[in-house]
Amino acid sequence: MSVLRKALTLLVGSTDDLSYLKMPKAGNRNLKSLTERELIQLESEIGRELFGPIPKGHRREFFNLDPHTWIWYEEYHDKDGRQRSTTTRYEVQEHGVLKAQEGARYSYIEGAELQNLLLAVRMYHERVMRDLYTREVDPTT
Amino acid sequence: MTEHTYHLPEQSTRFDSGDELHLHAASENLGQLEAARALVKRTEAVLQERKAEAERTPQAEIIRLGREITEARQSRQAA
């Protein structure tokens, strides 16, 4: 399964099964029985909150797919009421971070955008490791 | 790096011009050896610095954190 397909499946899921949209909070769940997809969705519940309040009518997801891939998904309605969505994939390579969006737009991010992504990843790591996987996080790293 | 040791001929008690030439050559070789050692040390220091620099890049840190998260997720699944 391609990375993008896997990401979209994680984001949108199957229309036959929408039960995953009604998951209770992490503290009430038996994490041992969760699948990779469910764990990523739980991570995204944390990830989506890292960038401040989500505007009404928006849906946002931000999650780590694998060591080299991060996904940002934003869904909203335009002024005509039509549903829009954007999926941004960050491919982390040794020599830079490639940002890929729909329409085959690719660019390496740099400057403030790269620093903001790094900051978001640090916060995501700290929150996910502490709240979801209950691991100690070294604040110096 | 190989150590080179230079010996004067054991049987010889005389110090003739031939010996002097050998000593001169040995001295030059030792000098080159020391210079090579210093060069290797400097090169190692530069490589270490470059490695540390590469590990400090944002992308290196993002990969490291992403790997830790992925491993935690996998170990949760395996538990």
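In what sense do β3(A) and strand β4 (residues 96-101) of chain A pair, and over how many bridges? They pair in the antiparallel sense, over five bridges. Strands count as paired here if DSSP finds at least two bridges between them; helices (H or I, at least four residues) and strands (E, at least two) are themselves DSSP runs, numbered from the N terminus.

Some ground rules before going on. This is a predicted model, where local features need pLDDT of at least 70 and side-chain atom pairs count only at pLDDT 80 or more, while totals for chains, interfaces and linings use all residues. Residues are numbered from 1 along each chain as its sequence is written, and chains are lettered from A and ligands numbered from 1 in the order in which they are written.

Back to the fold. Chain A has three helices and five strands, and along the sequence they run α-α-β-β-β-β-β-α. The five strands make an open antiparallel sheet in the order β1-β2-β3-β4-β5. At its edges sit β1 and β5 (105-109) of chain A, each pairing on one side only. Neighbouring strands are turned by 20 degrees against each other on average, direction ignored.

Chain B gets involved too: α2(B) packs on this sheet and touches β1, β3 and β4 of chain A, its direction making about 105 degrees with that of β3(A). For such angles, axes are lines fitted to C-alpha atoms (for helices over the stretch in contact), and values run from 0 to 180 degrees between N-to-C directions.

Now walk across the strands. Nine bridges hold β2(A) against β3(A), antiparallel, and Trp70(A) stands opposite Tyr90(A) in β3(A). Their hairpin has five residues between the strands, and there Gly81(A) takes a positive phi near 85 degrees. The hairpin of β3(A) and β4(A) has two residues between them, with Glu91(A) bridged to Leu98(A).

Methods. Contact = placed C-beta atoms within 7 Å.
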